[in-house]
There are 2 protein chains.
Amino acid sequence: MARVIVDVMPKPEILDPQGKAVTGALQRLGYEGLSVRQGKRFEIEVEGELDQTRLDQLREASEKLLANTVIEQFDVRVDEGN
Amino acid sequence: MARVIVDVMPKPEILDPQGKAVTGALQRLGYEGLSVRQGKRFEIEVEGELDQTRLDQLREASEKLLANTVIEQFDVRVDEGN
C-alpha cells in the first residue's frame, strides 16, 4: 500500500482570505511576525503497485478534481515515510 | 525569512466526510483503488530568525488555532527547501 500526498495551495498572485484571517487571528492571540497561507492536503492510499502510469493518473486526477488550477497550484509526491 | 509548514489531518479514528466525498468522486471519474483523507496545509512565513523558542511558539499556536486536537492531529516542520 503506497501513499501519495497532494498539496494544493493558492497561487502566489492570488489573494488568500482564509490565510489572511488566520494571520489576523494569530496576531490577536499575540503571535506577531507571521504570514499564513492556507491550502489543502490530501493523503491518498493507493491499492497495488505505484508505478509511473499510476502516478501520472493521480497527477491528472489532482488537476481535474483536487485543485482549481485557475487559482491554485498543486504538488503530487510519494510519501516515502510510509 | 524562514518558512514553517503545518499539516493538519483528521485523526485516523475519526470519520472524514470530505475525504470520503473525494474518494467517491474519483471513483465516479474512473480512478479506482484510491482512498483519500483530506486535511489542511498552512504555509507560515516567519519574520526574523527561527529558533527553538519561536518554533515552540508556533507549535503552541497550531494547537490553539490551526488544529482542533479533539478530532485532528497536526505536524509542524521547517520547510528546508526555502
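1. The contact between the two chains draws on 32 residues from chain A and 32 residues from chain B. Do keep in mind as you look at it that this is a predicted model.

2. Together, chain B and chain A bury about 2,700 Å², and 63% of that area lies on carbon and sulfur atoms. On the chain B side, B:Tyr31, B:Arg41 and B:Leu65 provide 22% of the area buried against chain A, more than any other three residues.

3. Now for the polar side of things. There are 16 residue pairs in polar contact between chain B and chain A, counting pairs with both residues at pLDDT 80 or more. Two salt bridges are found across the interface. One of them joins the side chains of A:Asp7 and B:Arg41, at 3.0 Å from N to O. B:Arg41 is also among the three residues named above for buried area.

4. Which elements of chain B give two or more residues to the side that touches chain A? They are β1 (2–10), α1 (17–28), β2 (34–46) and α2 (52–66). The largest share comes from β2(B), with 13 residues. Sorted by class, the chain B side has 15 nonpolar, twelve charged and five polar residues.

5. The strand β2(B) deserves a look from the other chain too. Strand β2 of chain A (residues 34–46) runs antiparallel to β2(B), and 13 bridges join the two.

Definitions and conventions: Residues numbered from 1 in each chain as written. Chains lettered and ligands numbered in written order. Predicted model: local features only at pLDDT ≥ 70, side-chain atom pairs only at ≥ 80, totals over all residues. Heavy atoms only, no water. Contact = heavy atoms within 4.5 Å. Buried area = accessible area lost by both parts, 1.4 Å probe. Salt bridge = Lys/Arg side-chain N within 4 Å of Asp/Glu carboxyl O. Polar contact = N/O pair within 3.5 Å; in protein donor to acceptor, adjacent residues only side chain to side chain. Helix = DSSP H or I, 4+ residues; strand = E, 2+ residues; numbered from the N terminus. Nonpolar A, V, L, I, M, F, W, Y, C, P; charged D, E, K, R; others polar. Pairing = 2+ DSSP bridges.
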